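Dear colleague,

My notes on what was found come after it.

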Amino acid sequence: MDALLVFLLLLVPLLLWTSSTFVFYFKKCFYVAYMMILAAIAIPLSILKSGGRDIENMRVIRALVRHVKYFLGLRFDVSGLEHLQTEGPYVIISNHQSSLDVLGLMEVLPDRCTMVAKKELVYAGTVGIVCWLGGIVFINRKKTRDAKSVMADAAKTMLDDQIRLWVFPEGTRNQRGDLLPFKKGAFHLAVQAQAPIIPIVFSSYSNFYLRKEKQFNSGTITLKILPKIETKGMTSDDVADLSDKSYDLMRSVFLDISGSAPVTQSNGPSLHH
Ligand SMILES: CCCCCC/C=C\CCCCCCCCCC(=O)SCCNC(=O)CCNC(=O)[C@H](O)C(C)(C)COP(=O)(O)OP(=O)(O)OC[C@H]1O[C@@H](n2cnc3c(N)ncnc32)[C@H](O)[C@@H]1OP(=O)(O)O
Ligand SMILES: CCCCCCCC/C=C\CCCCCCCC(=O)OC[C@@H](O)COP(=O)(O)O
């Protein structure tokens with residue numbers, strides 16, 4: 001009897017553990033595989049639509065990605081969409097937690113907007129091809145000088161072709177429950193194009209997605225679009241200030257909508273809604 005009880009007491013948590021771990025890996029694999037399949041569909045559609053690399057392909061990509069959230073049990077609570085209804089070019093800056101950011105990005109992506117991404121992404125199979133077709137600006141993060149000159153060209157293209165660019169100023173993914181210090185490229189870009197900056201803040205994913213603990217539950221992500229920050233008349237001397245101001249603003253909104261003081265991931269899921 002005792003042995004059976006001990007066995008059951010061990011078995012139940014083991015089953016629960018394996019099932020949530022199983023769900024974690026299953027959802028992650030599903031996400032990658034499904035995005036690859038959607039990308040394979042997007043490639044011919046994009047080529048038919050515009051014949052090659054063209055920012056208009058982002059419409060195709062956006063339309064194809066929008067329903068993926070339902071399969072993963074994710075909801076987006078978006079506010080401030082009206083701030084994106086600004087004529088002409090602008091630079092969107094947002095925090096970057098995971099490749100799941102693409103879902104929120106496609107949820108609010110305005111027309112004629114593409115992204116700045118690391119060049120390695122172009123090798124990500126069908127997804128890489130789609131990124132190229134969507135006009136994504138690829139930078140080599142290891143060669144700062146090249147990256148800066150690519151961003152300077154992008155400032156010119158923004159004006160010539162009337163496009164918007166989405167940059168992740170943290171420069172890398174981060175799930176530490178806080179924002180990383182911002183790199184300066186996005187702000188130089190905006191100042192060079194004399195275009196406004198529109199900050200977008202994603203709430204912390206740590207109430208549903210925990211990489212270390214292997215948890216991927218259902219959840220709601222708050223997406224807050226903030227009013228534009230004008231850069232007219234600014235020069236490169238103003239970039240540091242502009243960056244600091246944007247960082248402080250976005251960090252306070254991030255902590256506010258994530259409902260917690262900053263935590264490190266090892267502290268466990270202490271963020272809540
Ligand atoms: C339907 C099918 C489904 C398909 C699936 C989905 C398909 C498509 C969807 C696409 C989704 C794509 C999503 C993309 C996500 C990918 C995101 C990423 O890859 S994040 C990583 C890449 N991004 C970045 O790195 C952000 C941009 N980085 C920068 O802007 C950096 O500043 C830099 C790379 C330009 C330079 O980096 P670094 O040297 O490390 O950093 P700084 O401290 O910022 O700069 C050093 C000094 O240089 C000055 N500086 C910087 N930029 C400029 C400039 N343009 N001009 C002049 N000077 C510049 C800066 O001021 C610093 O000087 P200082 O004296 O210290 O001020
Ligand atoms: C680079 C090799 C990629 C291998 C295959 C990946 C396949 C991805 C498939 C489906 C996900 C679709 C969304 C793709 C967009 C993800 C963009 C992304 O999140 O890139 C990471 C980058 O921001 C920061 O990278 P680092 O954390 O600095 O490194």
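How far apart do the end C-alpha atoms of residues 31–48 lie, and what percentage of the span is helix and what percentage strand? The ends are 26 Å apart, and the span is 100% helix and 0% strand, where helices (H or I, at least four residues) and strands (E, at least two) are DSSP runs, numbered from the N terminus.

Please keep in mind that this is a predicted model, in which local features need pLDDT of at least 70 and side-chain atom pairs count only at pLDDT 80 or more, while totals for chains, interfaces and linings use all residues. Residues are numbered from 1 along each chain as its sequence is written, and chains are lettered from A and ligands numbered from 1 in the order in which they are written.

UniProt, in an unreviewed entry, lists residues 31–48 and 121–139 under "transmembrane region"; its positions are given in the numbering used here, feature names are shortened, and annotations may be inferred rather than shown by experiment. In the model, residues 121–139 are 47% helix and 16% strand, with end C-alpha atoms 10 Å apart. The unreviewed entry also places "domain: Phospholipid/glycerol acyltransferase" at residues 90–205, a span that is 38% helix and 20% strand and whose end C-alpha atoms lie 27 Å apart.

Turning to the ligands, ligand 1 is surrounded by 37 residues, the closest being Ala-117, Lys-183, Lys-184, Gly-185 and His-188 (a residue is near a molecule if its C-beta atom, placed from the backbone, lies within 6 Å of it). The largest share of this shell, five residues, comes from α6, and elements that each supply at least two residues include β3 (113–118), α7 (185–193) and α8 (239–257). By class, the shell around ligand 1 holds 25 nonpolar, seven polar and five charged residues, with Ala, Val, Leu, Ile, Met, Phe, Trp, Tyr, Cys and Pro counted as nonpolar, Asp, Glu, Lys and Arg as charged, and the others, Gly among them, as polar.

Ligand 2 has 14 residues around it, of which Met-35, Ser-99, Ala-124, Thr-172 and Arg-173 are the closest. α1 gives the most to that shell, with three residues, and the shell divides into eight nonpolar, three polar and three charged residues.

Finally, there is helix packing to report. The axes of α7 and α8 are 9 Å apart, at an angle of about 120° (axes are lines fitted to C-alpha atoms, for helices over the stretch in contact, and angles run from 0 to 180 degrees between N-to-C directions). Phe-187, His-188 and Val-191 of α7 make the contact with Val-239, Leu-242 and Ser-243 of α8, contact requiring C-beta atoms, placed from the backbone, within 7 Å. The residues of this contact are four nonpolar, two polar and no charged. The axes of α6 and α7 come within 9 Å and cross at roughly 35°, and the residues of their contact are nine nonpolar, three polar and no charged.

With best regards

Terms used
Contact = placed C-beta atoms within 7 Å.
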